[in-house]
Amino acid sequence: MTEGQQITPVKRFFLQTLNRMRVMPRRTWLLLLTLFTLALAILIWRGWLHPTHANSATKLQSSSRLDSAQVQTVRVAQVTLGEMPIELNALGTVTPLASVTAKTQVSGTLMKVMFREGQFVQKGDLLAQIDPRPHQINLQNAQGILAKDLALLKQAQADLKRYRILLKQDSISAKQVADQASLVEQYQGIVQADRAQVDQYKLNLAHCRITTPISGRVGLRQVDAGNYVQPSDANGIVVITRMRPTSVIFSLPEDALPAVLKRLHSTQKLPVSAYDRNRSIVLEKGHLKTIDNQIDTATGTIKLRAHFANQQDMLYPNQFVNINLLVNTLRGIAIVPSSAIQNGSIGPYVYIVNADRTVSVRTLKTGPVSGEYTSIRAGLTPGEQVVIDGADRLREGTKIAIAPAQPA
């Protein structure tokens with residue numbers, strides 16, 4: 001080293017390290033070499049020294065730029081101007097307007113069953129016949145007692161008439177006349193009781209013919225002919241249910257009551273549709289009939305009854321159905337398929353198709369939803385195109401290619 005050259009601290013540390021390594025034993029050299037090899041193997045195993053690791057961020061950025069440059073194929077739909085029904089959905093139970101269990105009013109042997117299971121019957125049709133002979137005998141006995149008491153009454157009345165003539169002639173005491181008048185009144189009471197007994201046996205005889213009190217469909221037979229039936233039987237003979245028309249009882253939140261009452265008090269009827277469990281098939285269409293007179297404080301809901309013609313018997317008693325109650329219809333409002341609407345931190349938005357085949361994000365305010373369509377209160381105008389399929393691969397400014405429309 002010549003004069004004038006200055007030794008920096010780094011050079012000094014390097015020279016000192018070389019001098020120490022020259023005098024280092026061979027065993028120490030082997031130990032350092034082993035440690036270096038082990039550290040290198042660990043780095044390679046962890047992937048820190050993988051050739052592609054250093055450029056991963058660069059490749060990710062370049063792939064992102066490449067994706068944004070690619071053309072994405074999407075399906076689009078046009079914003080239309082139309083009507084949007086405002087419907088309230090609820091779960092209802094089919095409740096018949098009338099259901100009667102036909103029971104016997106008298107005891108006796110069931111002789112005949114006049115109906116078929118599942119048959120539709122009219123009011124007054126004969127359902128079953130109970131053995132009338134015991135009741136006929138009782139009626140004849142009561143009629144005989146009535147005839148005897150009537151004869152006694154006539155005799156007492158004739159005697160009373162003669163006693164009154166004799167009383168005028170002062171040939172009989174007044175007490176005897178009074179006793180005879182009392183006897184006539186007693187016979188009149190007995191005759192009245194006998195007539196009531198006769199009417200009772202006539203009524204029992206009429207009850208031997210069991211007729212249907214309503215028109216409807218009979219269910220399964222509960223008792224067979226030949227059995228002894230009596231009024232205390234719980235199951236009766238058969239159940240008759242009125243199926244045409246029928247009704248559905250469902251509940252709505254109390255917040256929906258003002259809108260329903262407003263339409264119910266008008267001259268227009270509120271249409272009601274009954275759907276199956278999957279809401280895929282319309283079982284029957286009807287109208288709202290009435291609302292309950294109080295709100296359930298436990299649930300905050302109110303019950304409503306809807307009437308249905310049910311000519312095809314699609315609604316069965318105690319069946320659970322989905323109810324759609326049409327409260328109002330918005331007219332002249334923008335409508336788009338619900339699949340076009342995305343939700344994010346900025347709220348609901350859609351991808352608008354620009355004239356240069358790129359997309360832009362557009363926030364909007366949504367309105368009521370009906371089926372697969374959503375009404376738009378603000379943010380879209382009729383005629384614009386929105387992406388309905390493939391929006392998950394898009395972002396602001398992405399180029400798109402519109403796929404051909406699928407056949408309906």
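This dialogue works through several features of the structure above, a predicted model.

User: What should I keep in mind about numbering and confidence before reading this model?

Analyst: Residues are numbered from 1 along each chain as its sequence is written, and since this is a predicted model, local features need pLDDT of at least 70 and side-chain atom pairs count only at pLDDT 80 or more, whereas totals for chains, interfaces and linings use all residues. Side-chain values use heavy atoms, with hydrogens and water left out.

User: How many helices and strands does the chain have, and what percentage of its residues count as buried?

Analyst: Helices (H or I, at least four residues) and strands (E, at least two) are DSSP runs numbered from the N terminus; here they come to 6 helices and 22 strands. A residue is buried under 20% relative accessible area, exposed over 50% and partly exposed in between, using a 1.4 Å probe and protein chains only; by that criterion 31% of the 408 residues count as buried. Accessible areas come from the Shrake-Rupley method with a 1.4 Å probe, and for residues only the protein chains shown count as cover; the chain has an accessible surface of about 26,600 Å², of which 53% belongs to carbon and sulfur atoms. Contact means heavy atoms within 4.5 Å, and among contacts between residues at least 6 apart in sequence, 75% join residues at least 24 apart.

User: Which residues of helix H6 are buried, and what covers them?

Analyst: In helix H6 (residues 257-264), the buried residues are Leu257, Val260 and Arg263. They lie on the same side of H6 because they cover an arc of only 135° around the axis, the arc being that of the directions from the helix axis to the C-beta atoms. Pro258 and Lys262, on the other side of H6, are exposed. The cover over the buried residues includes strand S2 (80-95), strand S11 (246-253), strand S13 (282-291), strand S14 (301-308) and strand S15 (320-337).

User: What does the side chain of Asp313 make a polar contact with?

Analyst: A polar contact is a pair of N or O atoms within 3.5 Å; within protein, one must be able to donate a hydrogen and the other to accept it, and residues adjacent in sequence count only if both atoms are side-chain atoms. Asp313, in the loop between S14 and S15, makes such a contact through its side chain with the side chain of Arg244 (2.9 Å). Asp313 is buried, with a relative accessible area of 17%, and, leaving aside its neighbours within four places in sequence, is in contact with Phe120, Met243 and Arg244.

User: Where does Arg244 lie relative to Phe120, and which residue does a cis peptide bond join to Arg244?

Analyst: A charge sits over a ring if NZ of Lys or CZ of Arg is within 6 Å of the ring centre and within 35 degrees of the ring normal; Arg244 lies over the face of Phe120, at 4.5 Å from the ring centre. The cis peptide bond joins Arg244 to Pro245, with omega about -5°, and Pro245 is found in the loop between strand S10 (238-241) and S11. Thr246, in strand S11, counts as buried at 2% relative accessibility, and the residues that Thr246 touches, not counting those up to four places away in sequence, include Val94, Ala306, Phe308 and Leu315.

User: Which residues form the aromatic pair, and how are their rings arranged?

Analyst: Rings of Phe, Tyr and Trp (its six-membered ring) pair if their centres lie within 6.5 Å, with planes under 30 degrees apart counted as stacked, over 60 as edge-to-face and the rest as tilted. The structure holds 1 aromatic pair, formed by Tyr349 and Tyr351, which is edge-to-face at 5.9 Å centre to centre with 80° between the planes. Tyr349 and Tyr351 are both buried.

User: In which loop is Arg357 found, and is Arg357 buried, partly exposed or exposed?

Analyst: Arg357 is found in the loop between S17 and S18 and counts as partly exposed, at 43% relative accessibility. Phi of Arg357 is near 65°, a positive value in a residue other than glycine. Asp356 is found in the loop between strand S17 (347-353) and strand S18 (359-363), and the side chain of Asp356 makes a polar contact with the side chain of Thr358 (2.6 Å).
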